Amino acid sequence: MPTLLLTGFEPFHTHPANPSAQAAEALDGLTVGRARVVSALLPVEPHAAAATLRPLLDTHQPDAVLLTGLAAGRPHATVERVALNVMDFNIPDNAGQVYRDHPAHEDPGAPPAYLSTLPLRAVVDAWREAGIPGSISNTAGLYVCNFVLYYALDHLSHSGRAHVPCGFLHVPANAQVALAVPEDRPALPYLPQDEITRAVRVALEVVGRGL
């Protein structure tokens, strides 16, 4: 049976929860098309995230990869088009580090960017058919989400598996994240966790159909 690797992130910064982690945990073991979903959580720190992701890619040899993370402030789910070879953090990672103008891959010959290999438009179309607002995003930010997308695509490319569909899905805040915002800060748009999980599931079903 083909394997579809699904990752979420641990909580970070001031957020008490991470809806991407909750969706990944809820969907672990799901069958989509002929594929079985295998879920894992990644640390919000680039070196630890790479150390966690590498054996997942090498051991499971997934037939497709869907990475997910929280983009607090976005009103709906988005699939990312591109990962840049840059880390430029506005907030510390979970190790307390802030990278500025730092490459995601320090090899001077590393590509400046990788494009997602997921069927992005098909995912957005499927969301709309399911009554889920969503869109394609042209920036994954320059935080750890962008880093893991770049890392995964680079690792697959150098492992002779560039054909493996791989991309990133950003989810909005859920109620738990939105309620944690102090009253003197702008309110966050949010979706119920069940809707966030449904958006991830629909994306998985689109990817799984191609396996």
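Reply: Start with a definition: buried means under 20% relative accessible area. Keep in mind that the model is predicted. Both F147 and Y151 are buried.

Me: Why is Y143 called buried?
Reply: Set its value against the cut-off. Y143 has a relative accessible area of 13%. Buried means under 20%, so Y143 counts as buried.

Me: And what makes F89 buried?
Reply: Its relative accessibility is 0%. The limit is under 20%, so F89 is buried.

Me: Why is the pair of F89 and Y143 called edge-to-face?
Reply: A ring pair is described by the distance of the centres and the angle of the planes. For F89 and Y143, the centres are 4.7 Å apart and the planes make 70°. Pairing needs centres within 6.5 Å, and edge-to-face needs over 60 degrees. Both conditions hold, so the pair is edge-to-face.

Me: What makes F147 and Y151 a stacked pair?
Reply: Their centres are 6.2 Å apart, with 20° between the planes. The limits are within 6.5 Å for pairing and under 30 degrees for stacking.

Me: How far apart are F147 and Y151 along helix α4?
Reply: They are 4 residues apart, which means about one helical turn separates them.

Me: How do you know that β9 is largely enclosed?
Reply: Count its buried residues. In β9, 6 of the 6 residues are buried, so the rest of the structure largely encloses this strand. C166, F168 and H170 point one way, while G167, L169 and V171 point the other way.

Me: Which strands pair with β9, and in which sense?
Reply: β4 runs parallel to β9, with 6 bridges. β5 runs antiparallel to β9, with 2 bridges. Pairing needs at least two bridges, so β5 and β9 qualify with 2. H170 is the bridge partner of G69, and T78 stands opposite H170.

Me: What makes β2 and β8 edge strands?
Reply: Look at the order of the open sheet: β2-β3-β1-β4-β9-β5-β8. β2 and β8 each have a single partner strand, so one side of each has no neighbour in the sheet.

Terms used. Residues numbered from 1 in each chain as written. Predicted model: local features only at pLDDT ≥ 70, side-chain atom pairs only at ≥ 80, totals over all residues. Heavy atoms only, no water. Phe/Tyr/Trp six-rings, centres within 6.5 Å; stacked < 30°, edge-to-face > 60°. Buried < 20%, exposed > 50% of the residue type's maximum accessible area, 1.4 Å probe, protein only.
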